Amino acid sequence: MNPMVFLYGFLFFIICLMIHITVWRIKISKISALLLVLIFVVIPGVGFSIVMLTDAGGIKDILSTNAIELAEILILHISLSSAYIASYPAARAISPSLGILLIIKTSKEGKMTKEDIIKEYKGSIRVPTRFDTLRVYNLVSEKDACYKLKPLGKLIIIIFIFYRKLLGISAGSG
Amino acid sequence: MSEHMNSEIRIVIILSCAPLINLLLHMILARSFRNLSPQIVAIKSIFLGYILLFLLLWLFVFPTVIYLPSHIVTILVYCFLVYTLLSYTYFHFFNMSETARRIRILNEIYKAGSLPIQNMEVLYNTSDIVDLRLKRLIAMKQLRYEDGYYSLHGKILYIAGRVILWWRKVLGLNEK
């Protein structure tokens, strides 16, 4: 295996990361998750595929790689990217679990009761903020003072229900 | 096509199957260890996957070509890295199904057909959210509960939280 696969895989990922940081510092979109997939997966994936099929710009010679090595570079880049995208929601809205750990650690005595933790969190992890995201991504609609699933929301939850059934476990508690 | 190219194609195929390997092993372990924390079961299935990955390389890649020791190390490092990253992504997908409030909300609306807006806050209030997470963090040995107080036990998730706070600053998320 060509060791340059590591260099190019990390390099392409870092380039995408730089683009991501630049775009985010200019303006954070409401559909940030979709943008991430575009920056890290779709555009590089399409680019790599074109290069692998057509050797556009003589890239294979410039990188001194063959088609299989380009595939290995793409796999490494996609792996790094998917790991980053999977971690992003925790950064976008600090997950309650991580938030709880942080506030306990920084509390006066390094320990807290449940009531103090709940008081600290009241207002910062309200359910309505989660609805904003579901609405922006067209997963739910609001009609006659009720929430209903849109087709994409229904598809997503069916996938998760099927997945949990495959594992033989009941739905998560959230 | 040379034998080297063939073995590299096998590496690509084996790694492309990593998510499926994760899922199959997780399906077996989730049914076998129902009393353990779901996250710990998922992590155990990932560790088992490393053994399976090495077995697949041993059976289908290493015997086909005579490799220098440095090439074997390169292949192992690459496979280990890619499998770890894909497994990390798989773990997050599973954890989302287990703990994400948005998924829970979608599930509640799906089961009911439609849900009145005022029911949602009652159904899923701050106290429940915190309570669930405290139980989970204790099961994952990140928190301990003693004499009515919660305190840190493990360090991994706390360090992850600090890294995330720093990364939010880099992205400018704290300013918006």
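1. Disulfides. In this predicted model, the count of disulfides over all chains comes to 0. For B:Cys17 the reason is one of distance, because its sulfur lies 12 Å from the closest cysteine sulfur, that of B:Cys79, which is too far for a bond, the cut-off for a disulfide being 2.5 Å. B:Cys17 counts as partly exposed, at 33% relative accessibility, whereas A:Cys146 is buried, with a relative accessible area of 18%.

2. Salt bridge between the chains. The structure holds 6 salt bridges over all chains. One of them joins B:Asp131 to A:Lys114, with the closest N and O atoms 2.5 Å apart, and this pair crosses between chains, from helix H7 (residues 126–139) of chain B to helix H6 (residues 114–121) of chain A. A:Lys114 is partly exposed, at 26% relative accessibility, and A:Lys114, B:Asp131 and B:Lys135 are linked in a network of salt bridges.

3. Salt bridge within chain B. B:Glu108 and B:Lys111 form a salt bridge in which the closest N and O atoms are 3.9 Å apart; both residues lie in helix H5 (residues 101–112) of chain B, 3 residues apart, or about one turn of the helix. B:Glu108 counts as buried, at 15% relative accessibility, while B:Lys111 is exposed, with a relative accessible area of 59%.

4. The sheet. Three strands form an open, antiparallel sheet in the order E2(A)-E3(A)-E1(B). Strand E2 (140–143) of chain A and strand E1 (114–116) of chain B stand at the edges, each with a single partner strand, so one side of each is left without a neighbour in the sheet. Neighbouring strands are turned by 25° against each other on average, direction ignored. E2(A) pairs with strand E3 (residues 146–149) of chain A over 4 bridges, and A:Glu142 stands opposite A:Tyr147 in E3(A). A:Glu142, which is partly exposed at 46% relative accessibility, also forms a salt bridge with A:Arg135, the closest N and O atoms being 2.6 Å apart; A:Arg135 is likewise partly exposed, with a relative accessible area of 31%.

5. Nonpolar cores. The largest nonpolar core has 62 residues, of which A:Phe40, A:Tyr84, B:Ile11 and B:Tyr78 touch the most other members, and its largest share, 12 residues, comes from helix H4 (residues 67–92) of chain A. Leaving aside neighbours within four places in sequence, A:Tyr84 is in contact with A:Phe13, A:Leu17, A:His20, A:Leu36, A:Phe40, B:Trp167 and B:Leu171. Apart from this core lies another, of 16 residues, among them A:Ile100, A:Ile117, A:Tyr121 and B:Leu152.

Technical notes: Residues numbered from 1 in each chain as written. Chains lettered and ligands numbered in written order. Predicted model: local features only at pLDDT ≥ 70, side-chain atom pairs only at ≥ 80, totals over all residues. Heavy atoms only, no water. Core = buried A, V, L, I, M, F, W, Y, C linked by side-chain atoms within 4.5 Å. Buried < 20%, exposed > 50% of the residue type's maximum accessible area, 1.4 Å probe, protein only. Helix = DSSP H or I, 4+ residues; strand = E, 2+ residues; numbered from the N terminus. Contact = heavy atoms within 4.5 Å. Pairing = 2+ DSSP bridges. Axes fitted to C-alpha atoms, helices over the stretch in contact; angles between N-to-C directions. Salt bridge = Lys/Arg side-chain N within 4 Å of Asp/Glu carboxyl O.
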